[in-house]
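Please look at the sequence and the fold shown here, and keep both in view while reading. The paragraphs after it move from the whole chain to single residues.

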Amino acid sequence: YEIVDCDWSSDVCSSDLQLASSGIITESGTTRTLSATDNGKVIYCTSASAVTITTAVSLGAGFSCTIIQGGAGQITVAQGASTTLVSYGSLVKTAGQYALASLICPVANTFYLAGNLGA
């Protein structure tokens, strides 16, 4: 075994930050409720119609994912039951095709949305 570019004081290696193809989920539908299997993944939405991605109470602190609007359908991130969704300016939709948004849950059931957001 060869370990390269590791910072042993923080247990972070450059290889830990590489995205594998298994980390990309292609979503062709128009609705998706997030699940634990989405944690740390990229959700690439390809629909030509509007898409809604909903937060879920079971995800817990530390959940995060990146959402990409690959198709023409604008993505809305919706607050699921018993969760809180916050973003700068209360924006919860992607700005347009090719926009990216990050969703992070730093404390249980509270999700922060940031990125290329618009009306």
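The model is a predicted one, in which local features need pLDDT of at least 70 and side-chain atom pairs count only at pLDDT 80 or more, while totals for chains, interfaces and linings use all residues. Residues are numbered from 1 along each chain as its sequence is written, and side-chain values use heavy atoms, with hydrogens and water left out.

The protein holds 13 strands and zero helices, where helices (H or I, at least four residues) and strands (E, at least two) are DSSP runs numbered from the N terminus. Of the 119 residues in the protein, 34% are buried; here buried means under 20% relative accessible area, exposed means over 50%, and partly exposed lies in between, with a 1.4 Å probe and protein chains only. A contact means heavy atoms within 4.5 Å, and among the contacts between residues at least 6 apart in sequence, 50% join residues at least 24 apart.

Six strands form an open sheet in the order β3-β5-β7-β11-β12-β9, with mixed pairing; two strands are said to pair if DSSP finds at least two bridges between them. The edges are taken by β3 (24-27) and β9 (84-87), each of which has a single partner strand, so one side of each is left without a neighbour in the sheet. On average, neighbouring strands of this sheet are turned by 25° against each other, direction ignored, an angle that belongs to axes given as lines fitted to C-alpha atoms, for helices over the stretch in contact, with angles running from 0 to 180 degrees between N-to-C directions.

In β3, the covered face carries I25 and E27, whereas the uncovered face carries I24 and T26.

What does the side chain of E27 meet in a salt bridge? The partner of E27 is R32, at 2.6 Å from N to O, where a salt bridge is a side-chain nitrogen of Lys or Arg within 4 Å of a carboxyl oxygen of Asp or Glu. The structure holds two salt bridges, and R32 also forms one with D38, the closest N and O atoms being 2.8 Å apart. E27 is buried, with a relative accessible area of 11%, R32 counts as buried at 17%, and D38 counts as buried at 0%.

Strand β7 also contains Q69, which is buried with a relative accessible area of 1%. The side chain of Q69 reaches the backbone oxygen of A72 at 3.4 Å, and a polar contact of 2.4 Å joins the side chains of Q69 and T94. A polar contact is a pair of N or O atoms within 3.5 Å; within protein, one must be able to donate a hydrogen and the other to accept it, and residues adjacent in sequence count only if both atoms are side-chain atoms. Leaving out residues up to four places away in sequence, Q69 touches several residues, including C45, T94 and Y98.

The last stop is a pair of rings. A search of the whole structure finds one aromatic pair. The ring centres of F63 and F111 are 6.3 Å apart and their planes stand at 75°, so the pair is edge-to-face; rings of Phe, Tyr and Trp (its six-membered ring) pair if their centres lie within 6.5 Å, and planes under 30 degrees apart count as stacked, over 60 as edge-to-face and the rest as tilted. F63 lies in strand β7 (residues 63-69) and F111 in strand β12 (residues 110-115), so the pair ties together parts that are 48 residues apart in sequence. Both F63 and F111 are buried, with F111 at 0% relative accessibility. Not counting residues up to four places away in sequence, F111 touches, among others, L59, F63, T83 and L103. The C-alpha atoms of F111 and T83 are separated by 7.5 Å, although these residues are 28 residues apart along the chain.
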